[in-house]
Amino acid sequence: MQKSIKIFTTPTCAYCRMAKELFKQNNITYEEKDVTTDIQARDEMINKSGQMGVPVIFVGDDIVVGFDKRRLSELLGVK
C-alpha cells in the first residue's frame, strides 16, 4: 500500500516540479498544497517542518526538505 504523500509547493518552484514529475513517472498519487495561496497549508508546513522554503514533502511520517531524489526514491520504493 502506498504511503500518503503531501507536497507543499509554490507555482514558480523548479524543485517542486521535479518532485511532482518523479511522482508522475512512478504513478504515485499525491496531495499538493500551494503555500502562496493556502495560508493554513503554509502554517502546517512551517509548524511540522520548521521550514519556510519549498518543496517540503511528507512521505507518510517522513519529511523531505527540498528535492532529494535519492531519499524520495528510497522512501517511495522506486528507482
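Helices (H or I, at least four residues) and strands (E, at least two) are DSSP runs, numbered from the N terminus. In this predicted model, local features need pLDDT of at least 70 and side-chain atom pairs count only at pLDDT 80 or more, while totals for chains, interfaces and linings use all residues. Residues are numbered from 1 along each chain as its sequence is written, and side-chain values use heavy atoms, with hydrogens and water left out.

**Overall fold**

The chain has three helices and four strands. Their order from the N terminus is β-α-β-α-β-β-α. The radius of gyration, taken over C-alpha atoms, is 12 Å. The globule rule is 2.2 Å times the number of residues to the power 0.38. For 79 residues a compact globule would have a value near 12 Å, so the chain agrees with the rule. Along the principal axes, the C-alpha atoms fill a box of roughly 35 × 25 × 20 Å.

Accessible areas come from the Shrake-Rupley method with a 1.4 Å probe; for residues, only the protein chains shown count as cover. The accessible surface of the chain is about 5,000 Å². Carbon and sulfur atoms hold 48% of that surface. Buried residues make up 37% of the 79 residues. A contact means heavy atoms within 4.5 Å. Among contacts between residues at least 6 apart in sequence, 56% join residues at least 24 apart.

Thr10 is found in the loop between β1 (5-9) and α1 (14-25). Thr10 counts as buried because its relative accessibility is 18%. Leaving out residues up to four places away in sequence, Thr10 touches Cys16, Asp34, Val35, Thr36 and Val54.

A disulfide is a covalent bond between the sulfur atoms of two cysteines. Cys13 counts as buried at 10% relative accessibility. Cys16 is buried, at 0%.

**Salt bridges**

A salt bridge is a side-chain nitrogen of Lys or Arg within 4 Å of a carboxyl oxygen of Asp or Glu. A search of the whole structure finds six.

| Lys6 | Glu44 | 2.9 Å |

Lys6 and Glu44 form a salt bridge. This pair links distant parts of the chain: Lys6 lies in strand β1 and Glu44 in helix α2 (residues 39-49), 38 residues apart. Glu44 is partly exposed, with a relative accessible area of 21%. A network of salt bridges links Lys6, Glu44 and Lys48.

Lys20 is buried, at 15% relative accessible area. Glu32 is partly exposed, at 37%.

Asp62 is partly exposed, with a relative accessible area of 28%. Arg71 counts as partly exposed at 31%.

Note on methods:
Buried < 20%, exposed > 50% of the residue type's maximum accessible area, 1.4 Å probe, protein only.
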